[in-house]
Amino acid sequence: MKGIIIDKDGTLFNYAYVWGGVVSKAIRGGFSELGLKGDKLNRITMRFEELFGIDERGGSYKNGILFRPDLAVITIAKMVLASLGAGLNPFKVKNKVFDKIEKMGSLIEQEIDAKEFPGIKELFKKLKDNGYVIGIVTNDCVATTRLFLKKMGAEEYVDFIRGEDSGTRKKPNPEAFRQFISEFSLKPEDVAIVGDSKADMKFASNSNAGYSIAVLTGSGDRKLLERMADKVYPTILDIAKDSVLFEKNT
């Protein structure tokens, strides 16, 4: 392997650890503005946390829309039913709650200020010391990605970033992969992809990447990821001992 592309959310860190509180605040805030309060507000907030895929208590739900966009139709149908069950107009829920969700990135700087990401800088340094070209491909925006990398102390090791605002098509479309191998004169089989979701593993497959690694810090859906990835690890820090990535050291 000569290059490595790494996802951000759910891969560089536990998804719910960082985003759980932010998503929950956005959901609760939207429903509060629609007039819900007390137990009714608590119940629908918990239901929507489950349908999105994470909660403020650090839990994750493998079929949440954040991890399984391929299940979006059925998940949105469940959201509509939950809204109707609470006596709400689903269109108003969409306008209020989803608007809050779409703007939650503005809350993340304060949220990650209090978070720690031990070991990430050391892992990126090891990859760089072993000659890797390092790319980050995420469906989040580039500015937020740089914010995370700076907080982790890993920004200086990253050679390539593509996000939702980069003008490239989202994963699992292989466009960002093709840009990566073209920019650094690599062959597809010389690049590893690391991610936490079905979309990441399809991205690896669609790109004909040489090696795919899944981590369980996103949805935690081991059974699904084991079917799609070459290797599955509990966290990204475990790849430091991977015999394919660090063949010379084994």
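Analyst: Ala, Val, Leu, Ile, Met, Phe, Trp, Tyr, Cys and Pro count as nonpolar, Asp, Glu, Lys and Arg as charged, and the others, Gly among them, as polar. On that basis the lining of the largest pocket divides into 13 nonpolar, 5 polar and 13 charged residues. The model is predicted: local features need pLDDT of at least 70, side-chain atom pairs count only at pLDDT 80 or more, and totals for chains, interfaces and linings use all residues. Residues are numbered from 1 along each chain as its sequence is written, and side-chain values use heavy atoms, without hydrogens and water.

User: What lines the largest pocket, and which helix gives the most to the lining?

Analyst: The largest pocket has a volume of about 1,000 Å³. Among its 31 lining residues, Tyr15, Ile65, Leu66, Asn139 and Lys170 are the closest to its centre. Helices H1 (15-33), H4 (90-102) and H9 (198-207) each give two or more residues to the lining. H9 gives the most, with 4 residues.

User: What makes a space a cavity, and how many does the structure have?

Analyst: A cavity is a set of points on a 1 Å grid where a 1.4 Å probe fits but cannot get out, whereas a pocket is an open set with protein on both sides within 12 Å along at least five of seven lines; lining residues have an atom within 4 Å of a point. The search finds 1 cavity of 30 Å³ or more. The largest cavity holds about 50 Å³, and its lining includes Val137, Arg162 and Ala176. That lining divides into 2 nonpolar, 4 polar and 5 charged residues.

Technical notes: Points joined across faces, edges and corners; volume = space filled by probe spheres on them.
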